[in-house]
Amino acid sequence: MSEAYDALKAREQAAIMNTYGRYPLAIASGKGCRLYDCDGREYIDLLAGIAVCNLGHCREEIAEAVAAKARELVHVSNLFTQREQIELAEALKSTCHAGKVFFCNSGAEANEGAIKLARRYMRTVKNRDAYEIVTLTHSFHGRTLATLTATGQDKIKFGFDPLPEGFATVPAGDIEAMRRAVSPKTAAILVECIQGEGGVNPLSQDYVDALAALCKEKDILFMCDEVQCGMCRSGKFWAFQHYGVTPDVFTCSKALANGLPMGAVLATDEVAAGFAPGSHATTFGGGALVSTAAARTIGIMQKDRLAERAARLGDFAMALFEDVKAQYPDKIATIRGMGLMLGIELTFPGAEVWKELLARGFILNLTQDTVLRLLPPLVIEQEDLKLFASALADVLGEY
């Protein structure tokens with residue numbers, strides 16, 4: 001490591017809580033699909049800030065819009081009507097079936113809001129004492145106490161009990177287990193149609209169909225977490241659109257404002273009636289500055305047809321990676337995903353492979369110990385994907 005990096009690490013350790021297993025990099029700048037560390041070294045970014053910078057880093061149109069708005073209006077709170085927030089809500093509604101939007105600051109807050117909406121809707125609209133939320137194993141819904149309880153991964157819950165009651169988790173893909181878990185106390189089922197942190201696991205069509213049908217049969221809410229898989233990432237604007245279902249509530253965040261902190265809960269008009277003035281709120285959510293960035297982001301995604309582009313490039317990348325798998329069938333177990341949300345599952349713990357790829361200038365993620373997770377900007381070029389596939393083949397050949 002360089003002296004510049006070592007100096008930054010020393011300052012970090014003295015000032016910042018030790019909650020992250022940092023990559024051995026200090027990023028200084030980014031442009032498009034490239035990141036540059038504190039020593040000026042260039043990297044191909046295949047992570048996009050964990051599915052956040054879908055338009056690439058420092059997109060000029062976003063930067064210009066944010067700079068102009070920062071000189072006009074940044075924050076006044078949600079005590080006031082704001083044109084920018086209304087325009088963003090209308091833009092989001094143009095992508096889907098939702099009738100109403102609530103804005104917040106993060107994916108965890110969005111999922112927390114969805115949980116609160118489900119419970120309050122059941123009590124105030126349906127007049128039922130139903131509050132339980134059922135989720136799936138390997139899911140990830142956030143780091144607040146409620147959303148980590150909803151998350152189907154025990155490793156993130158250690159040390160935080162007693163956890164809130166009112167949550168149940170069942171094996172993903174097992175509709176009979178879900179049916180057994182649903183009771184008169186159940187308010188909603190909450191799922192990611194493509195599990196991200198869980199290892200890039202798309203749910204099957206039959207399973208999603210069965211979940212939606214069960215929710216209708218039991219008169220409970222079907223809720224989708226689109227925090228990572230939404231915003232054109234999967235090859236559709238929203239991942240649930242691959243399945244032909246219309247969730248009562250769904251959430252988004254990461255890519256919504258292309259890097260600025262932003263989240264949203266979207267719901268049908270009927271379910272949105274569960275909230276009333278004073279029932280839910282946020283100081284910062286949907287402020288003029290971030291709403292401007294988010295509306296511009298959606299506009300670019302629609303104009304440039306980035307969902308369709310993600311679908312094409314995802315197919316291209318899948319073919320590349322299948323070629324690598326054919327070379328090393330003993331080292332790659334499977335390749336899965338949708339659009340530009342891809343997982344390469346190795347047959348062995350992948351830390352050393354990940355480290356070598358980073359050393360060769362490729363930034364990606366390792367999840368669930370064995371899955372190389374790729375979430376590149378949706379504007380990435382085919383040549384960058386070819387370079388990565390070639391590097392992966394070389395690394396596996398040397399491993």
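1. A quick word on terms first: helices (H or I, at least four residues) and strands (E, at least two) are DSSP runs, numbered from the N terminus. This is a predicted model, in which local features need pLDDT of at least 70 and side-chain atom pairs count only at pLDDT 80 or more, while totals for chains, interfaces and linings use all residues. Residues are numbered from 1 along each chain as its sequence is written, and side-chain values use heavy atoms, with hydrogens and water left out.

2. Let's look at the largest pocket. A pocket here is an open set of points on a 1 Å grid over the protein atoms alone, where a 1.4 Å probe fits, with protein on both sides within 12 Å along at least five of seven lines; lining residues have an atom within 4 Å of a point. Its volume, the space filled by probe spheres set on the points (joined across faces, edges and corners), is about 1,600 Å³.

3. Of its 28 lining residues, N78, Q85, V101, F102 and F103 are the closest to the centre. Helix 4 (83-93), strand 4 (100-104) and strand 12 (263-267) each give two or more residues to that lining.

4. Finally, I344: beyond its neighbours within four places in sequence, its contacts (heavy atoms within 4.5 Å) include F321, T370, F388 and L392.
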